[in-house]
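Visitor: Hi, I'm new to this one. Could you walk me through the inside of it?

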Amino acid sequence: MGKKKNLKNLFSNIQIRKMKIYLRIQKILYSWLIYYFVFICILMSVGSVILGSFDDFSTYHKQLNSVTYFTSFVFFIEYILRLYSAPAKYEDVKKSKARVKYIFSFYGLVDFVAMLPFILTYLYWNTNHIHLIILPYIFIVFKLIRYSRSFQLIGHVLKSIKTELFVAYTACGILICFSAILIYYAEREAQPEVFRNIGDGFWWATVTFTTVGYGDIYPITMIGRIMGGIISMIGIAMIAVPTGIISSAFISVMQEKREKEKENKH
């Protein structure tokens, strides 16, 4: 009995020490020094991808690739540390489940994509596919959400009104679908080369509904033009609905934030 108790105590002590390590890593990852360092690395990586698309910077491709490689190495270390210390973030589940939960979370997937160039560079360095490594790297922009309070505020606002937005955009989708079918049957005989299928009708309905009006596809029949005018007017009203929902939610969140700040001061 004494040996069993000692083993249990030893096991519990090891678990406590591990949890302390996890918490310490999480604390370091969320410290202001790491916060600004990773934030600068994100800006550097995004900037290198943007500059790499300009012909004027073609002579600096090696330097830009080096920046991408360095930042992806930083993100690789960050990903490993976040994966290892995930049990401290998800304390309500087991360690293995906590790590799986992080891997398939939004930030986990973004962190994984961010460190891919560090791994894939070794596999495709001497091949023609080296430039494809940068393509998934554009998702690194989403890492800014974690390190930007403005993005976090916007995400909080959108999350609070997700049901209302779903209803509004569902109504918009139904109207676009209805308009696409009608315009196809109204214009297919007059413009068979333009409105070849309902898919072309969807493109016209989307452009008209959002009042963008690229001019690459438009109705020429009387019925089609009347429909275009009606859909444009409806589109102005319907697009204003989600805009109003987001604006009111944003104002209410900002007011709540200011009230909390006043309460904390008092």
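Guide: We'll talk about aromatic pairs and then a nonpolar core. This is a predicted model, where local features need pLDDT of at least 70 and side-chain atom pairs pLDDT 80 or more, while totals for chains, interfaces and linings use all residues. Residues are numbered from 1 along each chain as its sequence is written, and side-chain values use heavy atoms, without hydrogens and water.

Visitor: Okay, how many aromatic pairs are there?

Guide: The count is nine. Rings of Phe, Tyr and Trp (its six-membered ring) pair if their centres lie within 6.5 Å; planes under 30 degrees apart are stacked, over 60 edge-to-face, the rest tilted. One of the pairs is Tyr 22 with Tyr 84, edge-to-face at 5.1 Å centre to centre and 75 degrees between the planes.

Visitor: Which parts does that pair tie together?

Guide: Tyr 22 lies in helix 1 (residues 2-29) and Tyr 84 in helix 3, so the pair joins parts 62 residues apart in sequence. Helices here are DSSP runs (H or I, at least four residues), numbered from the N terminus.

Visitor: Is Tyr 22 buried or exposed?

Guide: Tyr 22 is buried, at 3% relative accessibility, whereas Tyr 84 is partly exposed at 37%. Buried means under 20% relative accessible area, exposed over 50%, and partly exposed in between (1.4 Å probe, protein chains only).

Visitor: New topic: which residues touch the most other members in the largest nonpolar core?

Guide: Val 38, Ile 42, Phe 75, Tyr 90 and Tyr 102 do, out of 15 residues. Such a core is a set of buried Ala, Val, Leu, Ile, Met, Phe, Trp, Tyr and Cys residues joined through side-chain atoms within 4.5 Å.

Key: Helices (H or I, at least four residues) and strands (E, at least two) are DSSP runs, numbered from the N terminus.
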